[in-house]
Amino acid sequence: MNHIFNARLRGRTGLFTLRWEAGRISAIEPQQGQVATAAGNGLDAEGHLVIPPLVEPHIHLDAALTAGEPRWNQTGTLFEGIERWAERKATVTPEDTKERAHRTIRMLAAHGIQHVRTHVDVTEPGLKTLQAMLEVRDEARPLVDLQIVAFPQEGIESFDNGRALMSEAVAMGADVVGGIPHFENTRDQGISSIHFLMDLAERHDRLVDVHCDETDDPQSRFLEVLAEIARVRDMGPRVTASHTTAMGSYDNAYCFKLFRLLKRSALNFICCPTESIHLQGRFDSYPKRRGLTRVPELDRAGLNVCFAQDSIVDPWYPLGNGNILRILDAGLHICHMLGYEDLQRALDFVTDHGARTMALGDGYGIELGRPANLLILSAESDYAMLQSQGQALVSIRHGEVLMRRTLGDTTWRDAASSATVASDGMGHDSVRLPARESPETDVVLI
Ligand SMILES: [Zn+2]
């Protein structure tokens, strides 16, 4: 295998042949309007989109697949999730952590994700879980590139030895410095935790990703502190504010002022739409807030925003199967982003924007010399992928096929039924029945 032909590329017209050598992209050749036929050792994309891998910029692999152990989160709140996790954490072993993390990584890879940023709880004396996840980072390299965030789930200032644990986590090899200022016991502790973590990141040349204002409380305003420190120190592109759900409850006058700062800070933003719509709004009667940050407004302001899954079957969120395109679908609905223009570029929020948040640089993208990490999708455009609930059909990593998916066939009672629904009338052959109608799939991780 050394090339893909009949590939459609985002933002470009016509069909392309992509070639690679020694795991790097060596040619991007327009086919001059011609449909190519099989020649040598190539994969036929059949006119479908070929993109760089999907990106998962915010997940908690150390907590994944623990929902209901020992008890379910009955209130559905973030805070009960933290309590339930504290109970489960007491029984965690490094073997348990690694087994669940690897199983979850395979779920992600089966959906075309090759870049993952995971938070790892470091409010744990001894940091055994972090050590286990650092081993997972190496062991999982054939499937994904993993960034590890030192995440103080129970606080930096509010947890015994919180600062020392964060420093030790960075010394052990965490890639990213985390935080949770809205969960600290006092507002002052929240602010001092941000100063501490930004110092730590700057001193050790690490990225920053803070769980910031993950609450419906309109008085939770740590984002302005994070943004201002990032602006003053010129660290913005390496700093991410995750969640910022309180922004959905800020009044517009405050937001107007805040956005001026955000633009100057150049922070990255991560929205976890399924998690937030599930966890937030829990103290409301009606009308109920959606509990999401202002995704379209951040995007229109030129700030980098991406979507993420956050949880898979853990104390905070009981569902999830690794498919970030499901999150994209939900996010666009919840954020009122189903306008035509948004649909044309919807995949930005789970590809390029996530890659920018993770600072992947020239390690990502379809450009000469970059890694031959590529997906063949099941439809020919962003819009058609959304409309057909499309999937990644082939995942190529460093020039080798990593995963193939065969979409299930639908069988009709008689042939005539199938003929009557052959087209949606919109010119999207991605919805041609029956081949792409069934959600049932066979996935082979190779
Ligand atoms: Zn999170």
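What covers the buried residues of helix α1 includes helix α8 (273–279), where two residues are in contact if their C-beta atoms, placed from the backbone, lie within 7 Å, and helices (H or I, at least four residues) and strands (E, at least two) are DSSP runs numbered from the N terminus. The structure is a predicted model, in which local features need pLDDT of at least 70 and side-chain atom pairs count only at pLDDT 80 or more, while totals for chains, interfaces and linings use all residues. Residues are numbered from 1 along each chain as its sequence is written.

Helix α1 spans residues 78–89, and its 12 residues reach 16 Å from the first C-alpha to the last, close to the 16 Å expected at 1.5 Å a residue, the expected span being 1.5 Å times one less than the number of residues. In this helix L78, G81, R84 and W85 are buried; a residue is buried if 20 or more other C-beta atoms lie within 10 Å of its own, exposed if 12 or fewer, and partly exposed in between, with C-beta atoms placed from the backbone. Seen down the axis of α1, its buried residues fall within an arc of 120°, so they line one face of the helix, the arc being that of the directions from the helix axis to the C-beta atoms. In the loop between β6 (54–59) and α1 sits P70, and the peptide bond that joins E69 to P70 is cis, with omega near -5°. Another cis peptide bond runs from Y286 to P287, with omega near 0°, and P287 is found in the loop between α8 and α9 (295–300).

The loop between β7 (113–121) and α3 (128–139) holds V122, which counts as buried because it has 30 C-beta neighbours inside 10 Å. Leaving aside residues up to four places away in sequence, V122 touches L127, L130, A150, F151, P152, L165, M166 and A169.

For N6, in strand β1 (residues 3–7), phi is near 55°, and for T244, in the loop between β11 (239–243) and α7 (252–265), phi is near 40°. T244 is buried, with 31 other C-beta atoms within 10 Å, and N6 also counts as buried, with 22 C-beta neighbours inside 10 Å.

Turning to the whole, the protein has 14 helices and 17 strands. Its radius of gyration is 22 Å, close to the 22 Å that the globule rule gives for 446 residues, so the protein is as compact as a globular protein of that length; the radius is taken over C-alpha atoms, and the rule is 2.2 Å times the number of residues to the power 0.38. Buried residues make up 51% of the 446 residues.

The protein is divided into domain 1 (3–52 + 365–445) and domain 2 (54–363), with bounds that come from an automatic or database domain assignment. Between them, 20 residues of domain 1 are in contact with 18 residues of domain 2. The largest share of the side of domain 1 that touches domain 2, 4 residues, comes from α13. The C-alpha centres of the two domains lie 31 Å apart.
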